[in-house]
Amino acid sequence: MSISEEFQADIEALPNILQRKYALLRDLDKSLQEIQRQNEQRCEQEIDDMKRGIKSGSITPNSSLLKFSDDALDEQKHAIRIADEKVALAVQVYDLVDTHIQQLDQCLKKFDEDLRRAEREAIATAGSPPAPENSNVKSGKSGETSNRGRKKTRLATATAAASASASASAAATANSSSMELDIPVDPNEPTYCFCNQVSYGEMVACDNPDCKIEWFHYGCVGLKEQPKGKWYCSDCVGTQRRRKTR
């Protein structure tokens, strides 16, 4: 069984486990509240009895009788034990969720490694290195610098993986529309395109130096391959047309 299959099996049982533990927490909380209520009533009654005894003279202020009964003290000890059980159960729930989060991180890391290995195998099967990229096109690899000196890092894309047994799949992957992986990304990573998402897959840069967005995903602008010559986004094209009509 793979790591992802093991994680899926564990995560499917997690909601039921958490539900049982939360139900136990609620039961403990109800018991604690009931014991506290009983103890408060008992202590108030015993304090009133002590006051009446002092007034009647049967109990002196310095008497050893000025203390709570054993029943009241036992109730307080019982309440402390229940509170300790609640804390221990809450810690168990936290550790359980934290363990699954760590397992998810491992699965995502393994998936990313497999994806990159499949990409390298596809390139090796094709028998030639990938075609050089145009200055206004970028692919979904990390640590890449744009033609305006902007550098960013992002996760590998799902379309980078190709079948290692077919040489034609490497070329098909380069031309296929890119899709973003549904996994966490760095919140500090810059966003691009009309969709306002991070950089992934094949992207094209607008040749207008004043373009506010600059980079666009192929799929968002209707491209399937590298444009020939200069390319402008729809916003910049509209701006240029409005200037010409003035």
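How many helices and strands does the chain have? It has four helices and seven strands. The model shown in every view is predicted.

**View 1. Overall layout of the chain.** From the N terminus, the elements follow the order α-α-β-β-β-α-β-β-β-β-α. The chain holds 246 residues, and 29% of them are buried. Among contacts with a separation of 6 or more, 56% join residues 24 or more positions apart. The exposed surface comes to about 16400 Å². Carbon and sulfur atoms supply 52% of that area.

**View 2. The largest nonpolar core.** This core has 14 residues. Val 204, Cys 206, Cys 211, Phe 216, Trp 231 and Cys 233 touch the most other members. Two strands each give two or more residues to the core: E6 (203-205) and E7 (215-217). E6 provides the largest share, three residues. In soluble globular proteins, nonpolar side chains tend to be buried together.

**View 3. A second, separate core.** Seven residues form this core, apart from the largest one. Among them are Leu 28, Leu 32, Ala 79 and Ile 82.

**View 4. The second largest pocket.** Its space amounts to about 220 Å³. One stretch of the lining consists of Asn 208, Asp 210, Cys 211, Lys 212 and Ile 213. The lining also takes in Cys 233, Asp 235, Cys 236, Thr 239, Gln 240 and Arg 243. By type, the lining residues are four nonpolar, three polar and four charged. Cys 211 and Cys 233 line this pocket, and both are also among the residues that touch the most other members of the largest core.

View 5. The phi of Cys 193 is about 70°, a positive value, although the residue is not a glycine. Cys 193 sits in the loop between strand E4 (191-192) and strand E5 (197-198). Is Cys 193 buried or exposed? Cys 193 counts as buried because its relative accessibility is 6%, and the cut-off for buried is under 20%.

**View 6. Glu 214, a second residue with positive phi.** Glu 214 is likewise a residue other than glycine, and its phi is near 80°. The loop between E6 and E7 carries Glu 214. With a relative accessible area of 7%, Glu 214 is buried.

Methods. Residues are numbered from 1 along each chain as its sequence is written. Side-chain values use heavy atoms; hydrogens and water are left out. A nonpolar core is a set of buried Ala, Val, Leu, Ile, Met, Phe, Trp, Tyr and Cys residues joined through side-chain atoms within 4.5 Å. Buried means under 20% relative accessible area, exposed over 50%, partly exposed in between (1.4 Å probe, protein chains only). On a 1 Å grid over the protein atoms alone, a cavity is a set of points where a 1.4 Å probe fits but cannot get out, and a pocket is an open set with protein on both sides within 12 Å along at least five of seven lines; lining residues have an atom within 4 Å of a point. Grid points are joined across faces, edges and corners, and a volume is the space filled by probe spheres set on the points. Ala, Val, Leu, Ile, Met, Phe, Trp, Tyr, Cys and Pro count as nonpolar, Asp, Glu, Lys and Arg as charged, and the others, Gly among them, as polar. Contact means heavy atoms within 4.5 Å. Accessible areas come from the Shrake-Rupley method with a 1.4 Å probe; for residues, only the protein chains shown count as cover.
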